[in-house]
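Reader: I have the sequence and the model open side by side, and I'd like to talk through some of the packing. Could we start with the rings and then move on?

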Amino acid sequence: MKKPVLTILAAGMGSRYGGLKQIDTVGNNGECIIDFSIYDAYRAGFEDVYLIIRKEHEEAFDEALGKKVRNKMNLHYVYQDMNDLPEGYTMPEERVKPWGTTHALLALRNKVDAPFMIINADDFYGRESFEVMYRFLSEECNDDCFGMVGYHLENTISEHGTVTRAVCETKDGYLDHITEVKNIRKTEQGAMNADTNEMISDGLVSMNYWGFTPKMFDLCEGVFRDFLDREYADNPLTCEHVIPTAVGTLLSENKIKVKMLTSSAKWFGVTYKEDKPNVVKNLEDYKQQGLYPFDLWK
(Lines give C-alpha, C1' and ligand atoms only; values in the text may rest on other atoms or scores of the structure.)
Protein backbone atom coordinates (compact mmCIF):
# COMPACT_ATOMS: atom_id res chain seq x y z
CA MET A 1 0.00 0.00 0.00
CA LYS A 2 1.29 3.47 -0.86
CA LYS A 3 2.07 5.92 1.92
CA PRO A 4 -0.98 7.98 2.96
CA VAL A 5 -1.20 11.62 1.93
CA LEU A 6 -2.90 14.68 3.39
CA THR A 7 -5.32 16.74 1.32
CA ILE A 8 -6.87 20.03 2.44
CA LEU A 9 -10.00 21.82 1.21
CA ALA A 10 -8.90 25.46 0.82
CA ALA A 11 -10.85 26.79 -2.18
CA GLY A 12 -13.80 28.28 -0.28
CA MET A 13 -14.65 31.96 -0.59
CA GLY A 14 -15.16 32.71 3.14
CA SER A 15 -18.31 34.77 2.52
CA ARG A 16 -19.51 34.62 6.13
CA TYR A 17 -16.00 35.30 7.43
CA GLY A 18 -15.47 38.28 5.17
CA GLY A 19 -12.24 37.24 3.48
CA LEU A 20 -9.76 34.47 2.69
CA LYS A 21 -9.91 32.91 6.14
CA GLN A 22 -7.84 29.87 5.07
CA ILE A 23 -4.64 31.93 5.39
CA ASP A 24 -5.71 34.49 7.97
CA THR A 25 -3.12 34.80 10.75
CA VAL A 26 -4.14 33.20 14.06
CA GLY A 27 -0.80 32.11 15.57
CA ASN A 28 1.62 34.35 17.49
CA ASN A 29 4.36 33.63 14.95
CA GLY A 30 2.28 34.46 11.89
CA GLU A 31 0.66 31.04 11.44
CA CYS A 32 -2.74 30.27 9.94
CA ILE A 33 -4.76 27.24 11.07
CA ILE A 34 -3.46 25.20 8.11
CA ASP A 35 0.07 25.58 9.51
CA PHE A 36 -0.94 23.66 12.61
CA SER A 37 -2.84 20.99 10.67
CA ILE A 38 0.11 20.34 8.35
CA TYR A 39 2.52 20.35 11.29
CA ASP A 40 0.37 17.81 13.15
CA ALA A 41 0.19 15.69 10.00
CA TYR A 42 3.98 15.86 9.64
CA ARG A 43 4.44 14.66 13.22
CA ALA A 44 1.98 11.81 12.55
CA GLY A 45 4.02 10.55 9.57
CA PHE A 46 2.56 12.25 6.51
CA GLU A 47 5.08 13.46 3.94
CA ASP A 48 2.89 14.85 1.13
CA VAL A 49 0.18 17.50 1.34
CA TYR A 50 -2.16 18.56 -1.46
CA LEU A 51 -3.81 21.97 -1.08
CA ILE A 52 -7.02 22.30 -3.09
CA ILE A 53 -7.25 26.00 -3.94
CA ARG A 54 -8.50 28.39 -6.58
CA LYS A 55 -5.72 29.08 -9.07
CA GLU A 56 -5.93 32.84 -8.58
CA HIS A 57 -5.05 32.37 -4.89
CA GLU A 58 -1.83 30.38 -5.41
CA GLU A 59 0.51 33.33 -4.94
CA ALA A 60 -1.17 34.31 -1.67
CA PHE A 61 -1.02 30.73 -0.37
CA ASP A 62 2.61 30.32 -1.35
CA GLU A 63 3.61 33.55 0.36
CA ALA A 64 1.68 32.80 3.56
CA LEU A 65 2.29 29.06 3.78
CA GLY A 66 4.11 27.30 0.98
CA LYS A 67 7.58 28.71 1.51
CA LYS A 68 7.56 27.53 5.14
CA VAL A 69 5.93 24.12 4.71
CA ARG A 70 8.36 22.95 2.04
CA ASN A 71 11.05 22.71 4.72
CA LYS A 72 9.38 19.56 6.03
CA MET A 73 6.65 18.45 3.58
CA ASN A 74 6.20 17.90 -0.14
CA LEU A 75 3.61 20.54 -1.05
CA HIS A 76 1.38 20.21 -4.10
CA TYR A 77 -1.25 22.70 -5.32
CA VAL A 78 -4.41 21.35 -6.90
CA TYR A 79 -6.88 23.73 -8.51
CA GLN A 80 -10.63 23.53 -8.13
CA ASP A 81 -11.64 24.67 -11.61
CA MET A 82 -15.27 25.71 -11.77
CA ASN A 83 -15.31 24.80 -15.47
CA ASP A 84 -14.37 21.19 -14.67
CA LEU A 85 -17.82 19.68 -15.15
CA PRO A 86 -19.12 16.40 -16.61
CA GLU A 87 -19.77 16.25 -20.33
CA GLY A 88 -22.98 18.04 -21.24
CA TYR A 89 -22.66 20.75 -18.59
CA THR A 90 -21.10 24.21 -18.78
CA MET A 91 -20.55 26.76 -16.04
CA PRO A 92 -22.98 29.70 -16.18
CA GLU A 93 -21.17 32.96 -16.87
CA GLU A 94 -22.81 34.63 -13.86
CA ARG A 95 -21.77 31.96 -11.36
CA VAL A 96 -19.07 32.90 -8.81
CA LYS A 97 -19.75 30.28 -6.11
CA PRO A 98 -17.69 27.03 -6.20
CA TRP A 99 -19.61 23.78 -6.75
CA GLY A 100 -18.96 22.51 -3.21
CA THR A 101 -16.58 20.12 -1.48
CA THR A 102 -17.57 17.03 -3.50
CA HIS A 103 -16.43 18.89 -6.62
CA ALA A 104 -13.26 19.96 -4.78
CA LEU A 105 -12.50 16.35 -3.87
CA LEU A 106 -12.82 15.39 -7.53
CA ALA A 107 -10.05 17.88 -8.37
CA LEU A 108 -7.70 15.31 -6.79
CA ARG A 109 -8.72 12.44 -9.08
CA ASN A 110 -5.78 12.71 -11.46
CA LYS A 111 -3.30 13.75 -8.76
CA VAL A 112 -3.64 11.33 -5.83
CA ASP A 113 -3.17 7.57 -6.18
CA ALA A 114 -2.73 6.63 -2.51
CA PRO A 115 -4.95 6.44 0.60
CA PHE A 116 -5.70 10.00 1.64
CA MET A 117 -7.27 12.02 4.38
CA ILE A 118 -9.19 15.18 3.56
CA ILE A 119 -9.91 18.05 5.95
CA ASN A 120 -11.04 21.67 6.00
CA ALA A 121 -8.46 24.44 5.91
CA ASP A 122 -10.14 26.55 8.58
CA ASP A 123 -10.65 23.90 11.28
CA PHE A 124 -8.22 22.92 14.04
CA TYR A 125 -8.53 19.19 14.65
CA GLY A 126 -5.81 18.38 17.21
CA ARG A 127 -2.62 16.33 16.98
CA GLU A 128 -4.05 13.01 18.18
CA SER A 129 -6.65 12.92 15.42
CA PHE A 130 -3.92 12.94 12.76
CA GLU A 131 -2.15 10.06 14.46
CA VAL A 132 -5.41 8.09 14.56
CA MET A 133 -6.12 8.75 10.88
CA TYR A 134 -2.57 7.95 9.78
CA ARG A 135 -2.73 4.54 11.47
CA PHE A 136 -6.12 3.85 9.94
CA LEU A 137 -5.01 4.77 6.42
CA SER A 138 -1.82 2.73 6.81
CA GLU A 139 -3.33 -0.39 8.37
CA GLU A 140 -7.09 -0.64 7.80
CA CYS A 141 -8.42 1.59 5.04
CA ASN A 142 -9.30 -0.18 1.79
CA ASP A 143 -11.73 0.14 -1.12
CA ASP A 144 -14.48 -1.43 0.99
CA CYS A 145 -13.91 0.50 4.22
CA PHE A 146 -13.32 4.23 4.60
CA GLY A 147 -13.02 6.19 7.85
CA MET A 148 -13.95 9.43 9.58
CA VAL A 149 -13.19 11.25 12.83
CA GLY A 150 -16.27 12.78 14.42
CA TYR A 151 -16.59 15.63 16.93
CA HIS A 152 -19.32 16.42 19.42
CA LEU A 153 -21.92 18.81 18.03
CA GLU A 154 -22.03 21.12 21.06
CA ASN A 155 -18.28 21.74 20.74
CA THR A 156 -18.54 22.76 17.09
CA ILE A 157 -21.18 25.49 17.07
CA SER A 158 -20.42 29.19 17.07
CA GLU A 159 -21.66 31.80 19.53
CA HIS A 160 -21.68 34.36 16.71
CA GLY A 161 -24.12 32.89 14.20
CA THR A 162 -25.66 29.75 12.79
CA VAL A 163 -23.71 26.84 11.31
CA THR A 164 -24.42 23.83 9.13
CA ARG A 165 -23.36 20.44 10.48
CA ALA A 166 -23.58 16.88 9.17
CA VAL A 167 -25.15 14.95 12.06
CA CYS A 168 -24.02 11.33 12.28
CA GLU A 169 -25.79 8.18 13.47
CA THR A 170 -23.61 5.17 14.18
CA LYS A 171 -24.13 1.42 14.49
CA ASP A 172 -21.58 -1.10 15.74
CA GLY A 173 -18.74 1.36 15.29
CA TYR A 174 -19.63 2.37 11.74
CA LEU A 175 -21.41 5.35 10.26
CA ASP A 176 -25.03 4.33 9.65
CA HIS A 177 -26.63 7.58 8.51
CA ILE A 178 -25.56 11.18 8.00
CA THR A 179 -27.86 14.19 7.66
CA GLU A 180 -26.89 17.76 6.88
CA VAL A 181 -28.69 20.17 9.22
CA LYS A 182 -28.59 23.88 8.43
CA ASN A 183 -29.03 26.92 10.68
CA ILE A 184 -27.91 25.39 13.97
CA ARG A 185 -27.42 27.99 16.67
CA LYS A 186 -26.00 27.86 20.17
CA THR A 187 -28.31 28.45 23.14
CA GLU A 188 -27.95 28.14 26.91
CA GLN A 189 -29.74 24.80 26.66
CA GLY A 190 -27.55 23.47 23.85
CA ALA A 191 -27.78 23.24 20.06
CA MET A 192 -31.03 24.36 18.43
CA ASN A 193 -32.37 24.19 14.88
CA ALA A 194 -33.09 27.87 14.21
CA ASP A 195 -35.63 26.98 11.52
CA THR A 196 -37.81 24.77 13.75
CA ASN A 197 -36.73 25.94 17.26
CA GLU A 198 -36.21 22.28 18.14
CA MET A 199 -33.31 21.21 20.32
CA ILE A 200 -30.75 18.88 18.75
CA SER A 201 -29.30 16.16 20.95
CA ASP A 202 -25.54 16.26 21.32
CA GLY A 203 -23.83 13.61 19.23
CA LEU A 204 -21.09 13.20 16.68
CA VAL A 205 -20.97 15.40 13.61
CA SER A 206 -18.71 15.39 10.58
CA MET A 207 -16.24 18.26 10.37
CA ASN A 208 -15.01 17.02 6.98
CA TYR A 209 -12.39 14.73 8.49
CA TRP A 210 -12.37 11.74 6.15
CA GLY A 211 -10.09 8.89 5.15
CA PHE A 212 -10.58 7.47 1.65
CA THR A 213 -8.87 5.47 -1.08
CA PRO A 214 -8.83 6.67 -4.72
CA LYS A 215 -11.95 4.55 -5.29
CA MET A 216 -13.85 7.49 -3.82
CA PHE A 217 -13.15 9.50 -6.97
CA ASP A 218 -15.06 7.06 -9.19
CA LEU A 219 -17.91 6.87 -6.70
CA CYS A 220 -18.19 10.65 -6.36
CA GLU A 221 -18.15 11.26 -10.11
CA GLY A 222 -21.44 9.39 -10.36
CA VAL A 223 -22.91 11.13 -7.31
CA PHE A 224 -21.90 14.57 -8.60
CA ARG A 225 -23.39 13.95 -12.05
CA ASP A 226 -26.66 12.79 -10.46
CA PHE A 227 -26.69 15.99 -8.41
CA LEU A 228 -26.28 18.13 -11.54
CA ASP A 229 -29.00 16.15 -13.30
CA ARG A 230 -31.36 17.00 -10.43
CA GLU A 231 -30.49 20.58 -9.55
CA TYR A 232 -28.52 22.33 -12.28
CA ALA A 233 -31.53 23.45 -14.31
CA ASP A 234 -33.40 24.94 -11.33
CA ASN A 235 -30.49 26.52 -9.47
CA PRO A 236 -27.46 26.94 -11.75
CA LEU A 237 -25.86 29.87 -9.86
CA THR A 238 -25.76 28.61 -6.27
CA CYS A 239 -26.41 24.85 -6.13
CA GLU A 240 -23.55 22.92 -4.52
CA HIS A 241 -22.76 19.40 -3.33
CA VAL A 242 -20.75 18.52 -0.23
CA ILE A 243 -18.78 15.46 0.86
CA PRO A 244 -21.07 14.47 3.79
CA THR A 245 -24.01 14.38 1.36
CA ALA A 246 -21.98 12.24 -1.05
CA VAL A 247 -21.08 9.87 1.78
CA GLY A 248 -24.72 9.70 2.88
CA THR A 249 -25.84 8.83 -0.64
CA LEU A 250 -23.21 6.10 -1.00
CA LEU A 251 -24.13 4.69 2.42
CA SER A 252 -27.81 4.53 1.46
CA GLU A 253 -26.86 2.64 -1.69
CA ASN A 254 -24.67 0.21 0.31
CA LYS A 255 -21.64 1.10 -1.80
CA ILE A 256 -19.32 1.97 1.11
CA LYS A 257 -18.66 1.37 4.80
CA VAL A 258 -17.26 4.15 7.00
CA LYS A 259 -15.58 3.31 10.29
CA MET A 260 -16.02 5.86 13.07
CA LEU A 261 -12.62 6.68 14.53
CA THR A 262 -12.30 8.06 18.04
CA SER A 263 -10.03 10.84 19.24
CA SER A 264 -9.87 12.94 22.38
CA ALA A 265 -8.53 15.89 20.38
CA LYS A 266 -10.38 19.19 20.70
CA TRP A 267 -11.84 20.89 17.63
CA PHE A 268 -12.18 24.63 17.09
CA GLY A 269 -12.48 26.80 14.02
CA VAL A 270 -13.42 30.09 12.42
CA THR A 271 -16.81 30.34 10.78
CA TYR A 272 -17.25 34.01 11.62
CA LYS A 273 -14.71 36.78 12.18
CA GLU A 274 -15.82 36.94 15.80
CA ASP A 275 -14.63 33.33 16.32
CA LYS A 276 -11.02 34.33 15.70
CA PRO A 277 -10.04 35.60 19.22
CA ASN A 278 -10.91 32.21 20.74
CA VAL A 279 -8.76 30.42 18.17
CA VAL A 280 -5.86 32.82 18.78
CA LYS A 281 -6.05 32.27 22.55
CA ASN A 282 -6.26 28.47 22.29
CA LEU A 283 -3.24 28.26 20.00
CA GLU A 284 -1.18 30.58 22.21
CA ASP A 285 -2.10 28.46 25.25
CA TYR A 286 -1.00 25.30 23.42
CA LYS A 287 2.39 26.83 22.70
CA GLN A 288 2.79 27.92 26.32
CA GLN A 289 1.98 24.34 27.37
CA GLY A 290 4.72 23.07 25.10
CA LEU A 291 2.38 21.27 22.70
CA TYR A 292 3.79 23.29 19.78
CA PRO A 293 7.10 25.11 19.36
CA PHE A 294 7.06 28.85 18.87
CA ASP A 295 8.35 28.38 15.29
CA LEU A 296 6.65 25.34 13.71
CA TRP A 297 8.86 25.26 10.63
CA LYS A 298 12.29 26.12 11.99
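Reader: Are Phe 224 and Phe 227 buried or exposed?

Author: Keeping in mind that this is a predicted model, Phe 224 is buried, and Phe 227 is buried as well. Both belong to helix α5, where they are 3 residues apart, so about one helical turn separates them.

Reader: And how many aromatic pairs does the structure hold?

Author: There are 22 aromatic pairs in the structure. One of them joins Phe 130 and Tyr 209 in an edge-to-face arrangement, with 5.7 Å from centre to centre and 65° between the planes. Phe 130 comes from helix α4 (residues 127–139) and Tyr 209 from strand β11 (residues 204–212), so this pair ties together parts that lie 79 residues apart in sequence.

Reader: Why does Phe 130 count as buried, and what about Tyr 209?

Author: Phe 130 counts as buried because its relative accessibility is 0%, and Tyr 209, at 0% relative accessibility, counts as buried too.

Reader: Which residues form the aromatic cluster?

Author: One cluster is formed by Phe 36, Tyr 39, Tyr 42, Phe 124, Phe 268, Tyr 286, Tyr 292 and Trp 297.

Reader: What sits over the ring of Trp 99?

Author: That is the charged end of Arg 95, which is 3.7 Å from the ring centre. Elsewhere, Lys 287 lies over the face of Phe 294, at 4.9 Å from the centre of that ring.

Reader: Changing topic, at what angle do helices α5 and α6 cross?

Author: The axes of α5 (residues 215–231) and α6 (residues 243–252) come within 10 Å and cross at roughly 95°, which means that α5 is roughly perpendicular to α6. On the α5 side the contact is made by Met 216, Leu 219, Cys 220 and Val 223, and on the α6 side by Ala 246, Val 247, Thr 249 and Leu 250. Sorted by class, this contact has 7 nonpolar residues, 1 polar residue and no charged ones.

Reader: Last one: where is Arg 70, and what does Arg 70 touch?

Author: Arg 70 is placed in the loop between α2 (58–69) and β3 (74–79), and with 41% relative accessibility it counts as partly exposed. Leaving aside residues up to four places away in sequence, Arg 70 touches Asp 62, Leu 75 and Tyr 77.

Terms used:
Residues numbered from 1 in each chain as written. Predicted model: local features only at pLDDT ≥ 70, side-chain atom pairs only at ≥ 80, totals over all residues. Heavy atoms only, no water. Axes fitted to C-alpha atoms, helices over the stretch in contact; angles between N-to-C directions. Helix = DSSP H or I, 4+ residues; strand = E, 2+ residues; numbered from the N terminus. Parallel < 35°, antiparallel > 145°, perpendicular 65-115°, else oblique. Contact = heavy atoms within 4.5 Å. Nonpolar A, V, L, I, M, F, W, Y, C, P; charged D, E, K, R; others polar. Phe/Tyr/Trp six-rings, centres within 6.5 Å; stacked < 30°, edge-to-face > 60°. Buried < 20%, exposed > 50% of the residue type's maximum accessible area, 1.4 Å probe, protein only. Lys NZ or Arg CZ within 6 Å of the ring centre and 35° of its normal.
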